[in-house]
Amino acid sequence: MQLPHDGVDESCEVVLAVKDGKFKVHRKALSEASPFFEKLLNSDMKESKEGVVRLEMFTKSVMSKTIEFVYTGNIHILDADEARDLVVIADYLFLTKLKVCASRYLLQKLNITILNSLSTLRIADTYHLEELYSKTKTFILANINALFTENREDVLNMSSKELTIFISSDELIVNVEEDVFNIILSWIHHDIRKRHTYFAELFRHVRLLYISRDYLCNDVVTNELVEGNEGCLDLVHKAIGILESKNVDNFLDYLHVTPRKAFQTPVLIANIEKYLMCYLPRENSWYTLGGEIPLELKGDRLFSCNSKLYSTRIESVKYPREVCRLHMSCYDPYSSTWISLPVLEGNAHCWQIFVNNKDEMFALFSETSGGNHFPTWWIRNGRGSAELTPVRQGVEEGTEDKNVSFIMQYKSELHKWEEIASFNYLDLRQDFIIVAHDNFIYFIGRILRILWRGREYEFPHDVERYDLNTDQWEKLPGLHQIARRSACGAAANRKVIIAEGCQCEIYDEDSNEWHFIEDLEEGSYSRRIINLVTVDDQLYALFKDQTDGTYTVKHYDTEKNKWSPNELMTKMSSVLDVCSMRIFRGWLNNFSLKSLTSVPIQDTPKHYCCSM
C-alpha cells in the first residue's frame with residue numbers, strides 16, 4: 001500500500017492525533033502492521049467508530065518515522081535520541097520489527113558515557129532491550145567510582161533495586177571494598193528518613209572479609225547505622241573475629257563469599273607431594289600456599305571453583321555391596337585451612353570432573369539402562385546436603401543398550417551436585433578428554449570397547465561438542481593424531497589444545513580446524529606432557545622427564561603459536577597435579593599472613609627445588 005502524501009489522502013480512513021499534529025492513514029495498513037491497531041480498529045471501541053486514535057504522548061516527528069516504517073518496512077534513524085523515541089513508540093504500538101531496528105541502532109551507535117549510562121540502562125530495562133542492558137550494565141560496573149564522582153546526583157537517586165544490582169555483582173570494579181560501604185552510606189543519607197530501612201539489606205552485599213581489619217574496627221563497627229542494627233553488628237564482629245583468629249568454624253559460614261573479580265589475580269597451583277606451590281604469571285613469581293596438606297585429605301586431582309581449591313578422591317567399596325564414595329576436601333587460601341566435606345555416594349558412574357573458564361565445576365556421570373557394559377565406579381545417594389539426585393530427562397524409550405550420561409554442576413555453597421543435562425548420545429564410549437570452555441563441552445577422542453573379554457580398544461580421532469545453552473550436539477573436524485588414555489587438554493582464547501606425549505594439536509573455534517603447534521626444542525622427546533592448564537587465558541604445560549622422573553612447567557603463547565624459551569620451574573619431584581584459580585590480591589600485599597608467604601629459592605622445602 002502506498003504511503004499517503006503529506007499525511008493527507010482521501011482514501012485514508014483513520015486519523016492519528018499526536019502532540020503537535022495529525023496524520024491520515026489507511027486502516028488496513030495499521031491493522032496488518034500492529035496488533036495494537038488490529039485489535040483497536042476492529043472492535044466496538046470509540047476509536048474504531050470515529051476513526052480517530054489519540055496518541056498525544058508522541059510527537060509529530062516520531063510518528064512520521066513510524067508511519068513511514070509501517071508502509072515501507074524501512075527507516076533512516078538520525079541519532080540516538082530519535083532511536084530512543086522510536087523504541088518507546090514501537091513498544092507501545094507492538095511494532096516488533098521497528099523496535100528491533102531502533103534498539104540495534106542504539107546498541108551499535110550509542111556512545112555510553114558517565115552522564116547517559118543510568119538513563120540508558122533504565123530505557124533498556126523498561127523496554128526489554130537485553131543486549132543494550134547488558135552492555136550498559138557492564139559499563140556502569142566498570143565505572144562506578146567515576147559515576148559516583150561525576151554524576152553523583154543520578155547515583156543517589158537510584159532505586160534500592162538498582163543499587164542492589166550493582167553492589168551485589170562480582171563484576172563491580174572499585175578500588176577497595178570499602179568504596180561499596182561508602183556508596184551505601186551516601187545513598188542512605190541522601191534521604192535517611194525514607195531510606196534507613198534499606199540499610200541492613202544493602203549492607204549484606206558488602207564483602208566484609210575483604211575489608212581491612214583496621215577499617216572494620218575504626219569506621220564500620222562504630223557507624224551509627226551499623227550500631228543500630230543487631231544483624232549488621234553481628235556480621236562485622238564475626239568478620240573481625242575471623243580476620244584476627246582465622247577460626248575455621250566461623251569461616252565455614254563464609255565459604256561462599258568470594259572477593260569481587262577486580263580484587264582477584266589468576267594463579268597456577270602445583271600440588272607437590274604434601275605442599276601447594278602458587279605461581280603468579282603477572283608477577284612471574286612463586287609462593288607457597290599454606291602449610292602441609294593433611295595426609296587424610298590428600299586426593300588424586302585438584303580443581304578450583306569460586307576461589308577455593310578442591311581435592312578429590314574416589315574410593316571403591318565392594319562389600320557388602322558395590323559402592324563408590326567421592327571424597328572431597330576444600331582448601332581456602334584466606335584461612336589457609338583444609339576442610340573435609342561430606343562424602344558423596346550414589347549409583348552413577350563418575351567419568352571426570354572438569355572446570356571451565358568461568359570458574360564453574362562440572363562432572364560427567366553415566367548409568368546404563370540395561371546390563372553393565374563395563375566395570376564402573378558406582379556412587380549412590382548420599383546424606384543430607386551431600387546428596388546426588390539426578391533426574392532422567394530427554395531419554396527415549398528403546399535405549400536399553402545405551403549408556404545414559406548426564407552432566408552435573410557443583411554448587412559450592414551447598415556442597416551439592418545439580419544435574420543440568422542428560423543424554424544417551426555418547427553410547428558406550430568412555431575415557432574421553434573433556435575440555436569445557438564458555439558454554440561448550442568438548443568430548444575428544446574415545447575408547448570404544450569392541451571385545452568384552454579380550455579388552456580390545458579403538459582410539460579414534462573423533463571430536464564432538466555439546467552446547468549447554470541449546471542442548472545441541474555438533475560433530476567437529478577430527479584430530480590429526482590419536483587421543484589415547486595419556487592425552488590431556490585445555491582451552492584458552494577460543495582455542496582448544498590437546499597434548500599426547502610431546503606433541504600438541506590446537507583447535508581454533510573461528511576457523512573450525514585442527515593443526516599441530518610448534519614442536520618442543522630438540523632433545524625434548526624424553527619429556528612428556530602430563531597436564532595442561534590455562535591461567536589468565538594463557539596455556540601452561542606440566543612436563544615429566546622420562547629419564548630422571550622430575551617435572552618442569554613451561555608457558556605456551558597461543559597468540560604467537562610458540563613455547564616460551566624459559567622454564568618457569570624445573571627439577572620438581574613428586575608433582576601430583578596442577579590447576580588454576582583466582583586469589584584475592586589483598587593477600588599478596590600482606591606477607592605477614594600465614595596463608596601466602598614468599599618462597600626464596602634457597603628456602604624451598606627439601607623434597608624439591610625450583611629455578612626461574
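Start by selecting Lys28 and Glu32: they form a salt bridge, with the closest N and O atoms 4.0 Å apart. (A salt bridge is a side-chain nitrogen of Lys or Arg within 4 Å of a carboxyl oxygen of Asp or Glu.) Before you go on, know that this is a predicted model, where local features need pLDDT of at least 70 and side-chain atom pairs count only at pLDDT 80 or more, while totals for chains, interfaces and linings use all residues. Residues are numbered from 1 along each chain as its sequence is written, and side-chain values use heavy atoms, with hydrogens and water left out.

Both Lys28 and Glu32 sit in helix α1 (residues 27–33), four residues apart, about one turn of the helix. Helices here are DSSP runs (H or I, at least four residues), numbered from the N terminus. The structure holds 16 salt bridges.

Next, select residues 60–72 and 80–93. These are helices α4 and α5, packed at an angle of about 65 degrees with their axes 10 Å apart. (Axes are lines fitted to C-alpha atoms over the stretch in contact, and angles run from 0 to 180 degrees between N-to-C directions.) Which residues make the contact? On α4, pick Val62, Met63, Lys65 and Thr66; on α5, pick Glu82, Asp85, Leu86, Ile89 and Leu93. Contact means heavy atoms within 4.5 Å.

Last stop: select Ile144, Leu163, Phe166, Ile167, Leu172, Val174, Val180 and Ile183, which line the second largest cavity. (On a 1 Å grid over the protein atoms alone, a cavity is a set of points where a 1.4 Å probe fits but cannot get out; lining residues have an atom within 4 Å of a point.) Helix α11 gives the most to this lining, with three residues.

Terms used
On a 1 Å grid over the protein atoms alone, a cavity is a set of points where a 1.4 Å probe fits but cannot get out, and a pocket is an open set with protein on both sides within 12 Å along at least five of seven lines; lining residues have an atom within 4 Å of a point. Helices (H or I, at least four residues) and strands (E, at least two) are DSSP runs, numbered from the N terminus.
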